[in-house]
Amino acid sequence: MKYKIKTYLLTLPLSLTLSLSLTSCSDFLDKEKGNELTENQTFNDWENLKAYHLDGYNYLRYGALKVYDGSDWAGQASWMDAATDLAMCSYSSGGVRRSFNVGNYYSPYGATELVNTWEHYYRAIRKMNTTIARIESVPKPTAENSLASYENDKKNYTAEAKFLRGYFYWELFLRYGPVPYIKDRLEPEAGAEALSQEYNTRPSVQEFIAEVMADLDETTVEANLLDNMTVDDRAGRITKGMACGLRARIMLYLASPRYAGENEFTQKFGKSGVTWQQAADAQKKFIDTYGAGKFYALESNYSDAILKTVYTGNQEVIFWRNDGAREWGDIYLDVPTAEGGRGGNCPTQNLVDMYDMQNGTSPFTSYDATGAPAYGGNYLNVSGIINSESGYNDASPITGRDPRFNATVLYNGEEWGTKTLEIFDGGADNAVGDANATKTGYYMRKYIPQQIFNTSSHNGSASRNWIFMRYAEILLNYCEALNEVSYDQNKMVIASYLDQIRRRAGITGYVSTRLNKDLNSQAALRNFIHKERTVELAMEDHRSWDVRRWGVAEEALARPIIGMTVTKDNVYTRKQAQTRVFYTRMYNYPIPQTEVWKTEIENNPGW
């Protein structure tokens, strides 16, 4: 959408305690810069209030290039997926390499994700609280066209502000656990000490989630949101489907072992009390109300689900951050080095191993609970766990794989941009001594529109919207919840949904034919669903949260990172590309130490 809005720097002496100051950081909404308005000017004019509220969308964050030292973006940026087993940042200065990957959650190189997230979302929340508190007192518009839609707009903006507040709190919850749920518009005149004393008590999981769900309520919030508009001038605004989809995602998470089982987290904050049946019902409600072609459906082509914009008819994307056209400067950090890029977010062999064969068989005999092959402790020699019926050859691991692999990963010999990729040792994209070249034998394709560099001058451009939720996730959510409810009763339904996802990607075989073979138990199907979720949603900022909610982060995020040495004639040999660490306390981030000092809020276990 192309909203023209002003920059709102309210002239208030706001304290940074509990992150009360306002900010504006827009590349999502067009802005008329250089205008500063007082609070009275903002909330005494309907158009100003509208612009102030819409500026809140700027707080939706990308999953790409999230971790960096703010003093040097180009030198430090890396994806959150490079903090998981799916990817490795190729350059040594990448933020995750000096924070997440080595277990240093206090490192300044990871501050934008580990520390600044706290302030970022509490700033956003205050903005939402201000809209909710002030909207009723703003004078009605005088323009006839604005007055005609005034009552509906007022309901829309209030509902949007509540949705966004709930979403921002959910993002805080994923990282820090239950945090103070501030719904008032805090006044700095009360003083930092008074504010910190009032808002330093941590709620239980159930108390916190009750507040989130109230902000997503289907009768008071969802009902007042827009219908599922995608291609008109309101595209990108919060819709009824987004609220239903977010509730469904939250229910799945809360039914998962991390939040519903016995562990140090639930001992501290209590169990969610959400069952797998409730989680399944939430997904089915979305499917019945908004899915199956009513508003959302799977795109017929997997690559289109990621790169095709809602403006050109993408029917799969539910919730996304609107973005303008991207150019070379926006993607070069993740482009192969011979093309002029810096390598960036390089897929690992750990991820590649999770892809099935195109014929629908598994290259390995079984998967573990992280979704990875059950290596048996030997990551470098997999000969003993290869499924001989699949046709997989570890010396040529790119041959005959699930087409989602080709849509996600760049490999040696592929035509890309204006060149043929030379990722073999000593090749142009893996030159001796090139510190930025891939360490895994692969580069990333997903989310990188090729038309941006379809000429040697790299003067192309293309849209690249960041996707928070798409319909395939809802189907995978449903499969996961149904299997946990009952494998025997639901296995055929699960297989049918998984086949929808896999066959649209180009896999020819059927999951249903494997139910009497390698997927013949609840545990086997659970692990397979975890694998399917990982490859379908790879590089979309899911893996870090999935392995945590499954309770397997220590297994997934501390395992060796495996790469491939590639010869010029395309023979692959496994190698260990990186070691990682992950300790139990890292399931949650530490609350920023400055907040602990200021408010005396209790930090997370182990920090």
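Modeller: A helix crossing is called left-handed if the near helix is turned anticlockwise from the far one by less than a right angle, and right-handed if it is turned clockwise. By that rule, H18 passes H20 in a left-handed crossing. Bear in mind throughout that this is a predicted model.

The axes of H18, residues 471-485, and H20 come within 10 Å and cross at roughly 165 degrees. Angles over 145 degrees count as roughly antiparallel, and H18 and H20 are therefore roughly antiparallel to each other. On the H18 side, the contact is made by Ala 472, Glu 473, Leu 476, Asn 477, Cys 479, Glu 480, Asn 483 and Glu 484. H20 contributes Gln 522, Leu 525, Arg 526, Ile 529, His 530, Glu 532, Arg 533 and Glu 536. By type, the residues of this contact divide into five nonpolar, four polar and seven charged.

A residue from another helix touches both partners. Arg 504 is found in H19, which spans residues 487-505. Setting aside residues up to four places away in sequence, Arg 504 touches Ala 472 and Glu 536, among others; Ala 472 belongs to the H18 side of the contact and Glu 536 to the H20 side. The relative accessible area of Arg 504 is 12%. Buried means under 20%, so Arg 504 counts as buried despite its charged type.

Beyond H20 comes the loop between H20 (522-536) and H21 (543-549), which holds Asp 541. The phi angle of Asp 541 is near 70 degrees, a positive value in a residue other than glycine. With 15% relative accessibility, Asp 541 counts as buried. Tyr 447 likewise has phi near 70 degrees. Tyr 447 sits in the loop between strand E10 (443-444) and strand E11 (462-463), and counts as buried at 1% relative accessibility.

The axes of H7, residues 150-176, and H9, residues 205-215, come within 7 Å and cross at roughly 150 degrees. That angle makes H7 roughly antiparallel to H9. Here too the crossing is left-handed. From H7, Lys 162, Phe 163, Arg 165, Gly 166, Tyr 169, Trp 170 and Phe 173 meet Val 205, Phe 208, Ile 209, Val 212 and Asp 215 of H9. The residues of this contact divide into eight nonpolar, one polar and three charged.

Arg 165 lies in H7 and counts as buried, at 3% relative accessibility. The C-alpha atoms of Arg 165 and Tyr 122 are 9.3 Å apart, although the two residues are 43 places apart along the chain.

In soluble globular proteins, nonpolar side chains tend to be buried together. In this model, the largest nonpolar core has 164 residues, of which Phe 163, Phe 168, Tyr 169 and Phe 319 touch the most other members. H7 supplies the largest share of this core, twelve residues. Phe 319 touches Phe 163 and Tyr 167, and also Leu 60, Ile 238, Met 242, Ile 467, Phe 468 and Met 469, again leaving out residues up to four places away. A second, separate core has eight residues, including Phe 43, Leu 49, Val 138 and Tyr 157.

As for the whole chain, its secondary structure comes to 23 helices and 14 strands. Of its 607 residues, 61% count as buried. Among contacts between residues at least 6 apart in sequence, 72% join residues at least 24 apart.

Note on methods
Residues are numbered from 1 along each chain as its sequence is written. This is a predicted model: local features need pLDDT of at least 70, side-chain atom pairs count only at pLDDT 80 or more; totals for chains, interfaces and linings use all residues. Side-chain values use heavy atoms; hydrogens and water are left out. Axes are lines fitted to C-alpha atoms, for helices over the stretch in contact, and angles run from 0 to 180 degrees between N-to-C directions. Helices (H or I, at least four residues) and strands (E, at least two) are DSSP runs, numbered from the N terminus. Angles under 35 degrees count as roughly parallel, over 145 as roughly antiparallel, 65 to 115 as roughly perpendicular and the rest as oblique. Contact means heavy atoms within 4.5 Å. A nonpolar core is a set of buried Ala, Val, Leu, Ile, Met, Phe, Trp, Tyr and Cys residues joined through side-chain atoms within 4.5 Å. Buried means under 20% relative accessible area, exposed over 50%, partly exposed in between (1.4 Å probe, protein chains only).
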